[in-house]
Every structure is written in structure tokens, then in C-alpha cells.
Amino acid sequence: MGYQRPVPYSRSTSWAAHRRRNPPSSEPGIDMFCPIGTPVLAAESGRVADTGDSIGPATGRFVTIDLDDGRRVRYLHLKSRTVSVGNRVRRGQVVGYSGATGYGEEDWSWNVAETGGAHVHMTLWPLHWYVFGSNGTLDPEPYFDADGVAASESAKPIPKRRAPMNYIRITGKAGERRGGTYAVFAASDGTYVAEFVGDSGPDNLVELNDEGQIGRLQNIIRGLR
Ligand SMILES: [Zn+2]
């Protein structure tokens, strides 16, 4: 079963479009256009990790949930929230109500030319921390249920993941394209899989810049580049 879409909508702005903006969105996600006051539903079960109640920042009011599958989701521009940090939430639970808050405004939905109208912005991160920048987030679209708003048993299941066993940052040599941080997971078949998580990471990650060492790890960890 895929993720629950947070709100019903027929018009949206894609993750790719957020990344194409000039300047690019600092947390590319999907804008789902819906009337102010629409209940916002949790994508999956998890724990509320962060909330924001100020309309000052671009985010407006928001709710961040650390999902039980290891990913993190955040809903922006809310009119209000119904959960607090530390609360457990279940899939489909109402976590707030949609709005058009942020940039110091309680309701910017009148400015359709610039904002597109009232919407919920959903950001998805691969792990339980914030990574900002155009390469820091995942496109939520493939993770949703196939049929849109309602839950569907026919949707492709999301593989349940174990917590990452380690984090590796490949620093490489100056001028090389390589770089970034990977979470390393133990796969069920005994191999290891690396998942790119962006530019930053936790304090205790392993930094690698030795070409020989990187090459040896690439032989045993799939997805490490
Ligand atoms: Zn957005």
C-alpha cells in the first residue's frame, strides 16, 4: 500500500517544477491545490518530529512526521495543526488543516499569479532529518497510492526498510562531480545498498576520499557512486 495523499486535489505543481524554479526551491516537493480548511492526512504511520506555528517563514505553519518506514514528510502553509511534537500518528489521521500561510501572510491565496492559490506543499526526505537544496528531497509522486485520494490495496507496496546501519560521505577530489552523503542499508539478501541522501548528514558519518577505499566499497555496496 502506497502513501496516503494528504488532500484531494485535481491540480498540482510537481517536484520537478520546484527544482526548475529560479532560484530552485530549497525543499522541492509537490503543491496540491485545495480549498483552505481541507483536512490534511498523514501519509503513513509515524511520529510528529517538528512543527512550526509562525507565518513569518516561507514554510508558514507546518507539521513534520518521521514515518515508520524511515522517511520524513513535511506539510507546509497550514492554517492550523492538530498534532504536537512527539505524538504518534496513524496513516490517514488528520494532522492539520490546509491554508495559505507563510512569507509573513496569514492568507496569500489571493495572489494567484505568484502562488498558484491555496495549496498544501508536501516534502519527502529519504531519512529522519532535513536536507535542504534541490538534491535533498525525494519526489513523493511514486510513493502515493495509484488511484489518488483514497487508499488502495492494489497500489504497489513500499518496501519496508530497516534503519540505516551507517552513513558514508564521499568527498572526492576538488573539481570532481562526485560528492554527497549515502545511507547504507543491509539488504535482506546479505548485500549492502547505498541510498543518496543529499549533501549533509549526521555528525558520526564516515568520510571517504581515498580512491582505492572508495573502489573497494563500490564493489560491495550497491548504489554507491
Ligand atoms: Zn511548493
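Modeller: Across the protein the mean pLDDT is 84, with 82% of residues at 70 or more. This is a predicted model, so local features need pLDDT of at least 70 and side-chain atom pairs count only at pLDDT 80 or more, while totals for chains, interfaces and linings use all residues. Residues are numbered from 1 along each chain as its sequence is written, and side-chain values use heavy atoms, leaving out hydrogens and water.

Now to your rings. Rings of Phe, Tyr and Trp (its six-membered ring) pair if their centres lie within 6.5 Å; planes under 30 degrees apart count as stacked, over 60 as edge-to-face and the rest as tilted. By this rule there are four aromatic pairs. One of them is Tyr3 with Tyr143, which is stacked because the centres are 5.7 Å apart and the planes stand at 20 degrees. This pair links distant parts of the chain, 140 residues apart: Tyr3 belongs to the segment before strand S1 (12–13), and Tyr143 to the loop between strand S10 (119–125) and strand S11 (166–170). Strands here are DSSP runs (E, at least two residues), numbered from the N terminus.

Tyr3 is buried at 0% relative accessible area, and Tyr143 also counts as buried at 19%. Buried means under 20%, exposed over 50% and partly exposed in between, with a 1.4 Å probe and protein chains only.

The rings of Trp125 and Tyr130 are edge-to-face, because their centres lie 5.0 Å apart and their planes meet at 70 degrees. Trp125 is buried, with 0% relative accessible area, whereas Tyr130 is partly exposed at 21%. Together with Phe132, Trp125 and Tyr130 form one aromatic cluster.

Elsewhere, the charged end of Arg11 sits over the ring of Phe33, 3.9 Å from the centre. A charge sits over a ring if NZ of Lys or CZ of Arg is within 6 Å of the ring centre and within 35 degrees of the ring normal.

Key
pLDDT is the predictor's confidence in each residue, from 0 to 100. Helices (H or I, at least four residues) and strands (E, at least two) are DSSP runs, numbered from the N terminus.
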